[in-house]
Amino acid sequence: MVTRREFLKFSGATAGTAALTSATALASPYVSPLDPARIGVLTDLTVCIGCRSCEWACAEENKLPHGTLDTYNDQAVLEKRRRPDAEAFTVVNRYAETAERPQLDAKVQCMHCEHPACVSACIVGALEKSLMGPVTYDAWKCIGCRYCMIACPFQIPAYEYENALTPRVMKCTMCAERTLEQGRPPACVEMCPVEALLFGRRDELLKIAHERIDQNPDRYHPEVQGEHTVGGTSWLLLADRPATEFGIPKLANESPAVLTETIQHGIFRGFSGPLMLFGLLSVLMKSSTDKRHGKGWDESEDQEDQNQDNRNHDGEDHHG
Amino acid sequence: MRSLRGVLIVLLCLAAAAATAQVADPAHKTPTASRPAAKAAAMQGECANCHSCTSPSHENPCLQSCRRHGAQFQGKHTTDEGPEIVIIDQLAELYGPVVFAHQLHARMSAMTGGCTNCHHYSPPTGKVPACRECHEPKRETANLRQPALKGAYHRQCINCHLDWSHENACGFCHIQAGDKTGTTEKPKSGAGSHDPTDIVGARHPLIKATPTYTYQTSEPTGPVVTFHHEDHVEQFGLSCVDCHRGDTCSSCHDTGGTRVKKRLDHVTTCGACHAERDCAFCHSSGSKPQFDHRVSTGWALEPFHKHVACATCHGKPEDFRKPSNTCTSCHIHWEVGSFDHAATGLKLSENHIDLECASCHLEMNFAVKPSCTDCHDEPMLPGKLPGTKVPRR
């Protein structure tokens with residue numbers, strides 16, 4: 001028979017451990033493990049001319065279906081709002097001239113979040129945030145759950161729905177092979193005829209972006225999209241208007257992954273969650289057994305089995 | 001069992017609360033805007049022209065990227081100093097060279113901001129530097145603050161053209177290298193080479209001109225002057241700039257970019273080409289018909305030469321009065337039996353029809369009239385022809 005005192009002692013210890021581990025979780029906020037010299041791209045939308053060369057270069061580099069460069073001169077596609085899909089990792093959207101604002105062409109692609117929700121959501125680690133910046137994808141690990149597509153705040157990852165046997169999640173990888181292994185700029189950056197895209201160290205690009213804003217305050221909206229949004233992104237955008245006006249959703253300055261990861265990791269930190277759960281469960285099981293049969297802690301196994309049967313019958317009664 | 005479920009729910013709620021508490025962590029808050037802008041604005045004098053911070057050091061010079069519209073264009077220059085046309089061909093690879101009408105753009109710029117619109121840097125003395133003197137031909141990732149030459153050119157041209165006419169196609173300025181209609185195979189002059197949308201070396205939406213202008217003059221003998229604009233453009237293959245010199249975009253467009261119909265006045269006079277002609281060439285009592293090769297020269301172009309550009313036979317417009325090329329310049333495969341001599345107005349007799357062309361036209365020189373005595377000794381023969389005269393076809 002467990003005494004009241006013993007029970008309190010046990011549950012107190014369990015709760016204590018849990019509280020302690022939770023406290024540790026509380027005390028350590030999310031610290032970015034990324035390399036300070038990580039790379040990024042800066043898109044200056046005020047310079048972009050909407051020629052769609054980047055789309056062609058991207059398709060060429062990533063072996064996506066595409067026509068000749070001339071076919072990308074077709075400006076009619078700009079009349080519709082497009083999103084990257086399984087056959088195009090990047091698209092340019094045109095925001096027509098209004099009485100107040102000039103025309104704006106906005107290139108859309110994976111923003112390569114500093115703390116990506118897609119990577120956080122991926123249960124098999126097929127998506128990975130390189131410490132050097134790019135968010136890369138490994139089709140061999142992918143199980144096709146498409147959680148990443150739901151998790152992405154920018155709605156970027158696409159899926160090869162047409163491919164019945166070996167479908168892949170499709171998204172920009174910042175040309176990781178070129179950028180990380182060869183030190184070359186991504187295909188789109190290299191192609192851009194007006195250098196609206198700049199490739200370099202993210203911190204350097206941020207500095208350049210702020211210089212441009214400082215030097216031409218009339219030309220630019222004073223915020224660099226991607227400096228803080230969703231915890232920062234490797235791809236930065238400069239424009240003459242707030243990002244919400246060219247297709248970027250209104251987002252918090254914290255990665256959506258922080259909330260989910262804190263809950264998940266907090267619960268399981270130091271195995272405290274399961275420990276607490278099973279500790280409490282065992283206590284409750286014992287105490288309920290004692291209550292019904294008036295037996296102590298040290299019963300014989302046969303008796304335990306007997307109890308088990310009784311409990312099962314109880315359960316059935318409940319259902320009935 | 002019910003109590004167990006309750007405990008579980010409480011437990012999860014606790015964990016969630018702990019998590020939420022962490023989410024509100026101050027480490028993730030947005031830094032407030034205290035940008036170097038404020039500092040730079042506070043700075044006075046010349047330092048701020050180049051540096052973005054108050055105390056630049058060797059390690060961190062905090063150099064600003066060049067100010068495109070800053071007051072860095074120094075020295076006194078006028079629009080007329082610059083070249084008329086600049087051929088931009090340093091980077092020609094995928095596309096052919098760009099013929100940039102510099103003078104035209106300069107005059108247009110003079111209305112808004114002057115040379116500094118494009119030449120954003122110029123030293124106090126000396127020449128205005130060319131783009132390539134600062135901008136490297138190769139794009140270096142090391143220098144992120146200065147676009148490479150290609151980017152610099154494109155930004156200067158396209159960003160302005162985009163504002164002006166929403167034009168961003170490569171072909172607007174470039175001719176694709178290797179293109180059949182491109183520079184490589186394009187005749188230098190003449191109707192075949194003429195692109196009616198080519199305004200001073202740059203493409204432009206087609207301008208529809210009146211085909212014929214009739215002027216009433218005070219000349220007593222021939223008051224009417226007829227000018228067939230269409231002939232000069234379509235047939236003689238003249239470019240707009242051959243006559244319309246000194247016009248700028250502003251002659252037709254206002255500065256807002258809308259199109260205004262306006263007559264171009266700066267015309268090279270007729271006399272510049274037709275100087276040695278007598279008055280009656282232009283002046284007459286009534287309007288004159290369009291140019292007809294049969295009427296003016298006695299040799300009809302129909303049917304085979306109708307679509308041949310004037311320049312193919314005559315060369316430059318100023319040499320139109322006689323052919324500068326011979327028939328065999330084009331008809332290199334002419335041999336016996338493949339040429340119908342009757343087309344020239346002379347049907348060869350049976351005796352002559354099987355002779356080689358060069359037997360009469362010595363060294364295939366068709367400009368010189370053949371002489372019968374080269375073959376025939378009889379003195380009576382030169383009075384005759386080697387066939388019979390027929391109407392020309």
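1. Let's begin with the rings. Searching the whole structure, which is a predicted model, turns up four aromatic pairs over all chains. One of them is Phe236(B) with Phe291(B): an edge-to-face pair, 5.7 Å centre to centre, with 75 degrees between the planes.

2. Phe236(B) is in the loop between helix H7 (229-235) and helix H8 (240-243) of chain B, while Phe291(B) is in the loop between E7 and helix H10 (293-297) of chain B, so the contact ties together parts that are 55 residues apart in sequence.

3. On burial, the two partners fall into separate classes. Phe236(B) has a relative accessible area of 14%, so it counts as buried because the cut-off is under 20%. Phe291(B), at 32% relative accessibility, is partly exposed.

4. Also in chain B, Tyr213(B), Tyr215(B) and Phe227(B) are linked into a cluster by ring pairs.

5. Now the sheet in chain B. It is open, with three strands in the order E5-E6-E7 and antiparallel pairing. Strands E5 (212-216) and E7 (283-284) of chain B are at the edges with a single partner strand each, so one side of each has no neighbour in the sheet.

6. For the E5(B) pairing, five bridges connect E5(B) to strand E6 (residues 224-228) of chain B, and the two run antiparallel. Thr212(B), for instance, has His228(B) in E6(B) as its bridge partner.

7. Over in chain A, check two arginines. Arg81(A) lies over the face of Tyr95(A), 3.9 Å from the ring centre. Arg146(A) lies over the face of Tyr159(A), at 4.7 Å from the ring centre.

Note on methods:
Residues numbered from 1 in each chain as written. Chains lettered and ligands numbered in written order. Predicted model: local features only at pLDDT ≥ 70, side-chain atom pairs only at ≥ 80, totals over all residues. Heavy atoms only, no water. Pairing = 2+ DSSP bridges. Helix = DSSP H or I, 4+ residues; strand = E, 2+ residues; numbered from the N terminus. Phe/Tyr/Trp six-rings, centres within 6.5 Å; stacked < 30°, edge-to-face > 60°. Buried < 20%, exposed > 50% of the residue type's maximum accessible area, 1.4 Å probe, protein only. Lys NZ or Arg CZ within 6 Å of the ring centre and 35° of its normal.
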